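Dear colleague,

Please find the structure below, handed over for your use. My notes on what was found in it come directly after.

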Amino acid sequence: IHVQLLTNSKAYCSCKSLYAPNEPNSNVCPVCMGEPGALPVPNRKVIELAAKTALALNCKISDSLKWDRKNYFYPDTPKNYQITQYDNPIGSNGTVQLPFGGKVGIQRLHMEEDSAKMNHQNSESSSGSLSGSLYSLIDFNRAGIPLAEIVSEPDITSGLSAAEYGKELQRILRYIGASDGNMAEGSMRLDVNVSIREKGSNELRNKVELKNLNSFRAVQESTDHEIIRQAKLYEEGQRVRQETRLWDDKAKVSKIMRVKEGESDYRYFPEPDIPAMKLPKEVVKKWKSELSELPSEKRSRYKAEFGLSDADIEILTDDKDLSSYFESTVEFGSDPKEVSKWLLGDVSGYINSNRIQVKDLRLTPERLSELIVLIKSKKISGKIAKELLPELLNGSFDGTVAELVREKGMELITDEKVIETFAREVIGKNSNKVSEYRSGKTKLLGFFAGQTLAVSNNRADPE
Amino acid sequence: IAYASSLDCIGPIARSVSDAAILLEVMAGADVRFDSTSEEGQIAVPSIKAIQNQLKGNKTPLKGLRIGVIKEAFQAKNLSNEVASAVKESTDAMERKLGAEIVDVSLTDLKAKCAAYYINALSEASANLARYDGVRYGKRGVGSTSMKVASRRIRSEEFGDEVRQRILVGTFSLSAGYSDKYYNKAMAIRRNLSQEFKKIFSGVDVLVCPSSPTTAYKLGDYFKKGVKSYEDDLLTVPASLAGLPAISLPCGTDQAGMPIGLQIIGNKWREDQ
């Protein structure tokens, strides 16, 4: 998995690190363009975010930083080598806890620079692929953007787990603010390496690399498809070649991209322009203390402290802003289960239909908590709360919820004498239904209750 | 144009030692703006005025200075007699006339160190020169329909023979199956050399030897010698590999009137000496 780290500037120069596909070659300089005499200067923030990500993945952090050159010629690589980390990755030997159980080992996490973005033009197959294209355009805005490459251990055994692993990684990255993990924009790219073996066998066979996976669904489908493709080959007595295949999300098949017999020779050697430096333990400790609570920790805590259902926890903790909102609301004194119900129900509905973010909500956690507490103390009913909600959500009312209730005269009526007068009114108007009820249609009680409630303008306590 | 990053440094050519010293004072010190400082921490910039004042009127200005003469330099097969005697005369003068203490020191296996230098430099150069591919700059020429075509043309036609030779050798030294024998071995020799110099400098203040085994080549001779000419660098290469300050001064001429070079090598950060 390659993720772009959220720094202001690029990995080795001070160009802005931005996604700007409409202004190609607007954030470039001699360093990231590989012009003569340009020298790289490592970006401190890159090291910090890479280390924090590695810590969030429970990796061991190296006590020294060393970069290497990976040499190969390609138009998207301005220097015709990439400055990366080869034999001393900043992080190694980590694990990721998957939300529905299971663990995935992390072999390594290292820092490197992104390549330029190529757009192949005028190809017959309008897919923008290299083959059949007449010429290519290169945008160097992306060249030099800092990346963290994360390699997992071969612990994943299905397309579903692969997708889950990808999602959890995205969650973690967004939680700690290391990356926005946006697959559509290319700030997170997944390649899956698949090999299969007979049950009980320990030996790993040839692996096939799957590329062009633009969604978690594609990750899942392509992985499962590949497992079956390889199984079929083995069943037919054929062998699986080590190759790279491109996933076609429309046709739901993979096509061979290139055959990889053996490893490419990248002639790795230590980057002489960036001297190796020490990474002091105190610095790493400080970074670790700055890490916010991770998704897996939050999930366990919500279960233990609030006793919410797994399904609710999954949604609440998926987005860090939503979980912060939830926690703030609970802190104001309302019941967590109720908060969860309102947040995941009406409030989420509002957020989705208005296409806004949690942080844009005009309804503050304090007000939501107040609303819930008012229901609990029977100042208003659930039905009344639902009526008040729209105004609270769009922020058209300035004061407290209690003030809104008073202004609209929506206090809950609990006085039995008052409710009795409403009931008598209903009975008076519906004598025929009363006879039906008396002759056995006891279900009509609901009708009478509903009518009474209506007469009271929904202000009577249903109970 | 970067050549070998870990070895590239500014090498001024001046008419006199004081001119070179003035340049040094300007260049030395931390570089905040472009962050090309080679080492962190406070290292004093030598004050040339202070040194000149110290030496003024002193009949034995080198008294107290221990000068190590690299004996293997005088055993080099390619060393010319005239160069050897000119340098010997200079060291004698340093001792008898200027008050220095001369000792023999040993810097082993100069040939291997020279080979290590070339492998190291050429390997880095092969990567540093890779960017000249005609994609982003440089004359593409007619019919350059792909990067492959453009870079092949540019790199075969615009790079000179010597450059192409060095790129090929450097690429080979790094390639799979050969990197251990060449690149990695060269780097091991380089690391050991630093340790070797540390030991040597515990007994002396500066080192002296000829700059080159011969005087200047005649035009065209360099290419006639081919790769063998690399061997003539064996005296200047050790200081480069170890990152030590060194200076080359004329110390006489040969029969044909060509100047002979004397090399003085200082310990790390001891340009003052």
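The notes that follow take chain B and then chain A.

Please bear in mind throughout that this is a predicted model.

**Chain B: the sheet and the helices on it**

Chain B contains an open sheet of 5 strands, in the order 2-1-3-5-4 and with mixed pairing. Strand 2 (101-105) and strand 4 (246-253) of chain B stand at the edges; each has a single partner strand, so one side of each is left without a neighbour in the sheet. From one strand to the next, the twist averages 30°. Strand 1 (residues 66-70) and strand 2 of chain B run parallel and are joined by 5 bridges. Within that pair, B:Ile70 stands opposite B:Val105 of strand 2.

Helix 4 (residues 81-96) of chain B packs on this sheet, where it touches strand 1, strand 2, strand 3 (206-210), strand 4 and strand 5 (259-266) of chain B. The direction of helix 4 makes about 50° with that of strand 5 of chain B. Helix 8 (residues 180-201) of chain B lies across strand 2, strand 3 and strand 5 of chain B, and runs at about 110° to strand 3.

**Chain B: helix 5 against helix 8**

Two packed helices are described by the angle between their axes and the distance between the axes. For helix 5 (residues 110-128) and helix 8 of chain B, the angle is about 125° and the axes are 8 Å apart. The two helices are therefore oblique to each other, and their crossing is left-handed. On the side of helix 5 of chain B, the contact involves B:Ala112, B:Lys113, B:Ala116, B:Ile119, B:Asn120, B:Ser123 and B:Glu124. These meet B:Tyr182, B:Tyr183, B:Ala186, B:Met187, B:Ile189, B:Arg190, B:Leu193 and B:Glu196 in helix 8 of chain B. By class, the residues of this contact divide into 9 nonpolar, 2 polar and 4 charged.

**Chain B: backbone points to check**

Which residues other than glycine have a positive phi? B:Asp109 has a value of about 50°, and its place is in the loop between strand 2 and helix 5 of chain B. For B:Trp269, phi is near 65°; B:Trp269 lies in the segment after strand 5 of chain B.

**Chain A: strands**

In chain A, 3 strands form an open sheet in the order 5-4-15, with antiparallel pairing. Its edge strands are strand 5 (81-84) and strand 15 (269-270) of chain A, each of which pairs on one side only. Strand 4 (residues 68-71) of chain A is joined to strand 5 of chain A by 4 bridges, and the two run antiparallel. A:Asp68 has A:Thr84 in strand 5 of chain A as its bridge partner.

Elsewhere in chain A, strand 12 (residues 208-213) and strand 13 (residues 243-248) run parallel, joined by 3 bridges. The bridge partner of A:Leu210 in strand 13 of chain A is A:Arg245. Together with helix 3 (residues 216-235) of chain A, strand 12 and strand 13 of chain A make a left-handed β-α-β unit.

**Chain A: helix 7 and its partners**

Helix 7 (residues 320-331) of chain A packs with helix 9 (residues 365-376) of chain A at an angle of about 50°, the axes being 8 Å apart. These two helices are therefore oblique to each other, and helix 7 passes helix 9 in a right-handed crossing. A:Tyr325, A:Ser328 and A:Thr329 of helix 7 meet A:Pro365, A:Leu368 and A:Ser369 of helix 9. This contact has 3 nonpolar, 3 polar and no charged residues.

Helix 6 (residues 310-318) of chain A also packs with helix 7 of chain A, at an angle of about 110° and with axes 5 Å apart. That angle makes helix 6 of chain A roughly perpendicular to helix 7 of chain A. Helix 6 contributes A:Ile315, A:Leu316, A:Thr317 and A:Asp318, while helix 7 contributes A:Lys320, A:Leu322, A:Ser323 and A:Phe326. The classes here are 4 nonpolar, 2 polar and 2 charged residues.

**Chain A: the loop residue A:Val31**

A:Val31 lies in the loop between strand 1 (2-4) and helix 1 (44-56) of chain A. Leaving aside neighbours within four places in sequence, A:Val31 is in contact with A:Tyr12, A:Cys13, A:Ala38, A:Leu39 and A:Pro40. The C-alpha atoms of A:Val31 and A:Pro390 are separated by 54 Å, and the two residues are 359 residues apart along the chain.

With kind regards

Key: Residues are numbered from 1 along each chain as its sequence is written. Chains are lettered from A and ligands numbered from 1 in the order in which they are written. This is a predicted model: local features need pLDDT of at least 70, side-chain atom pairs count only at pLDDT 80 or more; totals for chains, interfaces and linings use all residues. Side-chain values use heavy atoms; hydrogens and water are left out. Axes are lines fitted to C-alpha atoms, for helices over the stretch in contact, and angles run from 0 to 180 degrees between N-to-C directions. Angles under 35 degrees count as roughly parallel, over 145 as roughly antiparallel, 65 to 115 as roughly perpendicular and the rest as oblique. A crossing is left-handed if the near helix is turned anticlockwise from the far one by less than a right angle, and right-handed if clockwise. Contact means heavy atoms within 4.5 Å. Ala, Val, Leu, Ile, Met, Phe, Trp, Tyr, Cys and Pro count as nonpolar, Asp, Glu, Lys and Arg as charged, and the others, Gly among them, as polar. Two strands pair if DSSP finds at least two bridges between them. A crossover is right-handed if, with the strands pointing away from the viewer, the path from the first strand over the helix to the second runs clockwise.
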